[in-house]
Amino acid sequence: MMTQVIVLNGGSSSGKSGIARCLQAVLPDPWLALGTDTFVEALPASMRASDAGIEFAPDGEVIVGPEFRALEAAWIEGVAAMARAGARVIVDEVFLGGVDSQERWQKAMGELRVLWVGVRCDGAVAAGREVARGDRVIGMAASQADVVHRGMVYDLEVDTAHAESMECARIIAAHVS
């Protein structure tokens, strides 16, 4: 069975979005790129600063509430439904809940063929990218760099502190069947 979903998990500013764009360029078939940023941007503004939604603390901590979790569950099921309907999907994710986050995705993906990829990046390197981006709360990249990988089980890992996005994409593409 062919790979239907590629899940890229890594902290903020680790290079997942760049890898996703490069994968779209190097994979032979069309792939949709969807991610946590897409989901958060789709939320009503009122949920981006509430206890029930998602909050970004001044130190970079991300706090999610029950309404966020409910909509996130629907989002995950929707991504899985697109893959079941024939779309190939690259998921750009940040598993803030560690193994629980991965398990939510695994449950939704069910029988789909998924390639689980850890996107690692040294916290200091990610923090430098975060400052250069200018669209993130400072501290988010450093606080997420290691925690999102704790307890994870991957098919493959890449390190964007030591390889460019295109090189990482080619490594990943070689594992897509």
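Mentor: Helices (H or I, at least four residues) and strands (E, at least two) are DSSP runs, numbered from the N terminus. The model is predicted: local features need pLDDT of at least 70 and side-chain atom pairs pLDDT 80 or more, while totals for chains, interfaces and linings use all residues. Residues are numbered from 1 along each chain as its sequence is written, and side-chain values use heavy atoms, without hydrogens and water.

Trainee: What pattern does the protein chain follow along the sequence?

Mentor: The pattern is β-α-β-α-β-β-α-β-α-β-α-α-β-α, with seven helices and seven strands.

Trainee: How is the radius of gyration of the protein chain to be read against a compact globule?

Mentor: The radius is taken over C-alpha atoms, and the globule rule is 2.2 Å times the number of residues to the power 0.38. With 177 residues the rule gives a value near 16 Å, and the protein chain has 15 Å, so the two agree. The C-alpha trace spans about 45 × 35 × 25 Å along its principal axes.

Trainee: What percentage of the residues count as buried?

Mentor: Buried means under 20% relative accessible area, exposed over 50%, and partly exposed in between, with a 1.4 Å probe and protein chains only. Here 45% of the 177 residues are buried.

Trainee: What share of the contacts join residues at least 24 apart?

Mentor: Contact means heavy atoms within 4.5 Å. Among contacts between residues at least 6 apart in sequence, the share is 76%. Beyond its neighbours within four places in sequence, G123 contacts A142 and A145.

Trainee: What is the volume of the largest pocket, and of the largest cavity?

Mentor: On a 1 Å grid over the protein atoms alone, a cavity is a set of points where a 1.4 Å probe fits but cannot get out; a pocket is an open set with protein on both sides within 12 Å along at least five of seven lines; lining residues have an atom within 4 Å of a point. Points are joined across faces, edges and corners, and a volume is the space filled by probe spheres set on them. The largest pocket has about 720 Å³. Its lining has 40 residues, with S12, T36, D37, V94 and R136 closest to the centre. The largest cavity has about 30 Å³, and its lining includes G11, S12, A145 and H149.
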